[in-house]
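Please find below a short note for the file on this single-chain model.

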Amino acid sequence: MVGLPYDCLANPLGAVRLTFEKAVGAGSDTAALDGKDWGTADLFRQFLFDDGALSQVPILNPSTIKRVQPNTLVRFRGMIQDMLGNEFYVGAYKDGCKWRTNKFADASPCPVDTSSDSRIWERQLLYCVPVPGQNSWVESSHESIKNPYTESISPPREKRPREDDSTMADVDMVESGHVPEDSPNLKKMREDGRTIEPSDLQMTGTEGKSSNLSLLPDVERNSFPCLVKIYDSPESSLKLNDVFEFIGIFSFDPDLTVDRDNTDELEEGFCEDALVYLPPAKVPRLHCIVHRKIGVNDFLSSPCLELTPSAIREVREALLGNLTAVLGNDRVAAQYVLLHLLSRVHARVDSIAVGKLSLNLTSFNKESISVFANRIKLAVENILPFTECLPLTVDYLNTVSLAPKKDYTTNRLASGFLQLAEGSHLTIDETTLQSGTLNSTGVENVRVLKNMMQTQKVEYDFTYYKMEMAADVQVLILSEGKSNILPADLVVPFRPSAVDPALGVNGEMLKAWRWYLATMKSLPHAIEPHMQKVVEDDLVAARQADRSLGSQEFSRWLTMGRLMSISFGETSLSMEHWQMVKELETLRKERST
């Protein structure tokens, strides 16, 4: 693509190669550049953040991919669903007397002389997907800006339902050659710089295992995968399930597209480099130059609101009033739901996830669940960016896999329903559960769910062993009676008194509520010494009045005290807020008797 050398939007590869030439011209040995940045990342950081050009970079999604031109700068926001190991490639080579680079590209722009000097470099491969449960308003609040370097380059594609779990499965296999990381041949290539054609060298190497790449799911709105290639970044900075914004070069070459009908060639390894020949209409590739971990706040539009105590109280009261209306004028339940929506895991002590507050609303029957279940679901979806719903039935538990599981045939991590990003919300409808027999899969799913609620950890199944992965998921359970299989931190009997018509909420108010929940949730909190004494005395008195109370209840009260404080924008517990917690708990206990 033709463009100005430093036109970072239209011709980022020009900027990459020019900075490389400057580094080499300044006397840098190409061997010293192995696994290092030569100024490219700093150049783009200045362009994107210091010069304020980030908003001009289009977000890669199912709608923009039809317009984005190849080799232009794009950004992709998503969760790391799988880590595919490292890929070896010809990073630099000598073209006559001049060194050139293939960094941030799938292949060399010109033929590589097999007799020339070259350097073999590595890049990390990440299989990323949109954040599970991402609600439609999140995307609409971040409409990508149309920039002058986009045009239609691909026709519309057929979409497939998400239930097919096709983000990872239902894919075509492409065998690629394998070079173990400790292979003598690879070591020799690195030592003597012998040139190998890029198509011969791009392959994944993960601890000597065969790298069967299974990366061809159909593009669809709710499951739009992206293969992200990471350069010069320690693997420890990128973790499974983290949410990142990747900014880099969109790679697409129509001449390298494989005919899907030619299944024999695919099966016989016709494409030695599976990544170069991956149909980009299936899994777009992004050569990442800059990446940053992002949180819920990064998905929100800022409301027209000043951050003052009175403004926070007004937003809190408006949100609480809306939740009360949604819950049939049950203000007690609404206050517990508000605290629940503000909860997060802010510390871990041994196996205890400090800060979690799962909630079980009980006393639903067929009539009330038909009225309120959808109201609650929609209310949560409108104010939280990442939400999922799980209908708890025997058939569902017996057939699905809630925990991710390693598929050694494809060497891929098959996603499970509970592979969720930090800050996600999960509503479980237990009213749909009827009598029946759980098979081994169902029993395992119940155990995984229970373990997640108790410890905020999900066990990933690697067949030969299980590995616990930390989670931070708010769990709300709707049930007739107290759930016997999913123990929540709080059980609140639901007492609706009326069914108000749907309340119209304007967009600015929704923005304010979203901002309020995300911002208050992240506030620090402490208990001053004088309040510590008050709390201790109250806990001792409660224990004397009821010997059944234990550390679990005391821990929950302290969590509620913290959440009550931050709900008002306060960072330390006050007597007023502690008293509100005690009164709320008194009302809850009266309902339970």
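1. The model is a predicted one. Its chain contains 15 helices and 18 strands. Of the 593 residues in the chain, 53% are buried.

2. Contacts and surface. Where contacting residues lie at least 6 apart in sequence, 80% of the contacts in the chain join residues at least 24 apart.

3. The pairing at β18. Strand β10, residues 359–362, pairs with β18 over 4 bridges in the parallel sense. Within this pairing, Leu359 stands opposite Leu490 of β18.

4. Aromatic pairs. The chain has a count of 13 aromatic pairs. In one of them, Phe372 and Phe494, the ring centres are 5.1 Å apart and the planes stand at 90°; the pair is therefore edge-to-face, since planes over 60 degrees apart are classed in that way. Phe372 belongs to helix α9 (residues 366–383), whereas Phe494 lies in the loop between β18 and α12 (507–521). The two residues are 122 apart, and the pair links distant parts of the chain.

5. Burial of this pair. Are Phe372 and Phe494 buried or exposed? Phe372 has 4% relative accessibility and counts as buried because the limit is under 20%. Phe494, with a relative accessible area of 3%, is buried by that criterion as well.

6. Aromatic cluster. Which residues are linked into a cluster by ring pairs? They are Phe20, Trp38, Tyr89, Phe104, Trp121 and Tyr231.

7. Arginine over aromatic faces. Arg77 is placed over the face of Phe299, at 5.2 Å from the ring centre. Arg412 is placed over the face of Tyr127, and here the distance from the ring centre is 4.5 Å.

Note on methods:
Residues numbered from 1 in each chain as written. Predicted model: local features only at pLDDT ≥ 70, side-chain atom pairs only at ≥ 80, totals over all residues. Heavy atoms only, no water. Buried < 20%, exposed > 50% of the residue type's maximum accessible area, 1.4 Å probe, protein only. Contact = heavy atoms within 4.5 Å. Pairing = 2+ DSSP bridges. Phe/Tyr/Trp six-rings, centres within 6.5 Å; stacked < 30°, edge-to-face > 60°. Lys NZ or Arg CZ within 6 Å of the ring centre and 35° of its normal.
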